[in-house]
Amino acid sequence: MTSVNVKLNNGITIPALGLGTWQSPKGAVEAAVEYALTEGGYRHIDCALVYKNEEEVGRGIAKAIASGKVKREDFFVTTKVFPAYASKVEESLKESLKNLQLDYVDLLLIHWPVGLNPNGNDPLFPTRPDGSRDIDESYTVIGEWRQFEKLYKEQRDKVRAIGVSNFSVPYLENLLKEAEIVPAVNQVENHPLLPQLEIVEYCKEKGIVVEAYSPFGSTGGPLFSNAVVAELAEKYNTTPSSILVSWHLSNGRVVLPKTTTPARIVANSKVVDLSKEDSEKLNQVHVTEGKKRYAAPAWGVDLGFPDWDASGKRKTN
């Protein structure tokens, strides 16, 4: 189990390996969180209001603390504000804290740089009559970020750090032109088929830590069968998941593998010391095999990613 920590730009540290809970099924995530904290050695849990499993995550956290094996201050918790709450950030935080049974979160993120109608026909995914996203036309990223800055300044006992998720370089550039506080992290889809090197380099330059979600590709781990990943797993006598996790850690990124299976929770935490040559082989996978994005919602607005248009499809130009 790795104990690597990464320092954020406000001085606090974040454990570089976290348990992701996106798409973790109800009925399984509670036990997974408890196991990760008490037996798996994990010290970082990543969750979000929109995942609709925060209450289970909270019960898992409560059981882990009740076991006496960990204290709240021993681990890091991240949650996110979904676009339907973009105009009511504090309300989203309060709801997440209630779900998680916590007094504070260590990191709060803008989940997507989009605003949805806060008074629409669904509390999370409002739609227009034609079925498209009910976009809040008055939304601005800086408007949402100002709410984050206010929370961070006035309620540090509830939020220890603030950041963003799914931000392209153009969106980061525009935000930083007006932001008083530089985001501590940018959480993005990141794996050998989508390394997003431009974002990684820009964030490094600005002191923003990159967090990699979907490090195995997507549900079912499609990258486990990738030829380069499999070759390296055999070379290092380890699992494909270990190779992928180690690749991120060796490059200074936080990584968030997701599973609810105890054996895989442990396997995902096994880190090997990849050589620079082998790390570079993984860097080049997208060059030889092409890029593939797995998380591409059709928001109806262009988020500035060179490979992804507003309809959720790959750009052809």
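Tutor: What follows is a set of questions and answers about a predicted model, in which each value is set against its cut-off.

Student: Why is the contact between the side chains of Lys94 and Glu90 called a salt bridge?

Tutor: The distance from N to O is 3.9 Å, and a salt bridge asks for a side-chain nitrogen of Lys or Arg within 4 Å of a carboxyl oxygen of Asp or Glu, so the pair Lys94 and Glu90 qualifies. By this rule the count comes to 18 salt bridges.

Student: What separates Lys94 and Glu90 along helix H3?

Tutor: Because they are four residues apart in helix H3, which covers residues 89-100, about one helical turn separates Lys94 and Glu90.

Student: What makes Glu90 partly exposed?

Tutor: Its relative accessibility is 34%, and since buried means under 20% and exposed means over 50%, Glu90 falls in between and counts as partly exposed.

Student: Why is Glu149 called buried, and what is Arg146 called?

Tutor: Glu149 has a relative accessible area of 2%, and because buried means under 20%, Glu149 is buried. Arg146, at 34% relative accessibility, counts as partly exposed.

Student: Which parts of the chain does the salt bridge of Asp307 and Arg293 link?

Tutor: The side chains of Asp307 and Arg293 meet at 3.0 Å, N to O, in a salt bridge. The pair links distant parts of the chain, with Asp307 and Arg293 both in the segment after helix H11 (285-289) and 14 residues apart. Both Asp307 and Arg293 are buried.

Student: How do you know that the buried residues of helix H10 line one face?

Tutor: In helix H10, which spans residues 276-283, the buried residues are Asp278, Ser279, Leu282 and Asn283. Seen down the axis of H10, these buried residues fall within an arc of 155°, so they line one face of the helix. Among the elements that cover the buried residues of H10 are helix H7 (227-235), helix H8 (240-250) and H11.

Student: What makes a space in the structure a cavity?

Tutor: A cavity is a place where a 1.4 Å probe fits but cannot get out, and a search of the whole structure finds one cavity of 30 Å³ or more. The largest cavity holds about 30 Å³ of space. Its lining includes Trp112, Asn166, Glu189, Arg293 and Trp308, and by class the lining has six nonpolar, two polar and two charged residues.

Student: Which residues lie nearest the centre of the largest pocket?

Tutor: The largest pocket has a volume of about 740 Å³, and of the 40 residues that line it, Trp22, Gln23, Ser214, Thr219 and Lys258 lie nearest its centre. Helix H9 (residues 262-268) gives the largest share of this lining, three residues. By class, the lining of the largest pocket divides into 17 nonpolar, 19 polar and four charged residues.

Student: Which helix gives the most to the lining of the second largest pocket?

Tutor: The second largest pocket has a volume of about 270 Å³, and helix H6 gives the most to its lining, with four residues. Helix H6 (197-206) and strand S9 (209-213) each supply at least two residues of that lining.

Student: Why is Ser96 called buried?

Tutor: Ser96 lies in helix H3, and because its relative accessibility is 1%, which is under the 20% cut-off, Ser96 counts as buried. Leaving aside neighbours within four places in sequence, Ser96 is in contact with Leu49, Glu54 and Thr79.

Student: What makes Val4 partly exposed?

Tutor: Val4 is found in the segment before strand S1 (5-7), and because its relative accessibility of 43% lies between the cut-offs of 20% and 50%, Val4 counts as partly exposed. Not counting residues up to four places away in sequence, Val4 touches Ile14, Pro15 and Ala16.

Conventions:
Residues numbered from 1 in each chain as written. Predicted model: local features only at pLDDT ≥ 70, side-chain atom pairs only at ≥ 80, totals over all residues. Heavy atoms only, no water. Buried < 20%, exposed > 50% of the residue type's maximum accessible area, 1.4 Å probe, protein only. Arc of directions from axis to C-beta. Contact = heavy atoms within 4.5 Å. 1 Å grid on protein atoms, 1.4 Å probe; cavity = no way out; pocket = protein on both sides within 12 Å on 5 of 7 lines; lining within 4 Å. Points joined across faces, edges and corners; volume = space filled by probe spheres on them. Nonpolar A, V, L, I, M, F, W, Y, C, P; charged D, E, K, R; others polar.
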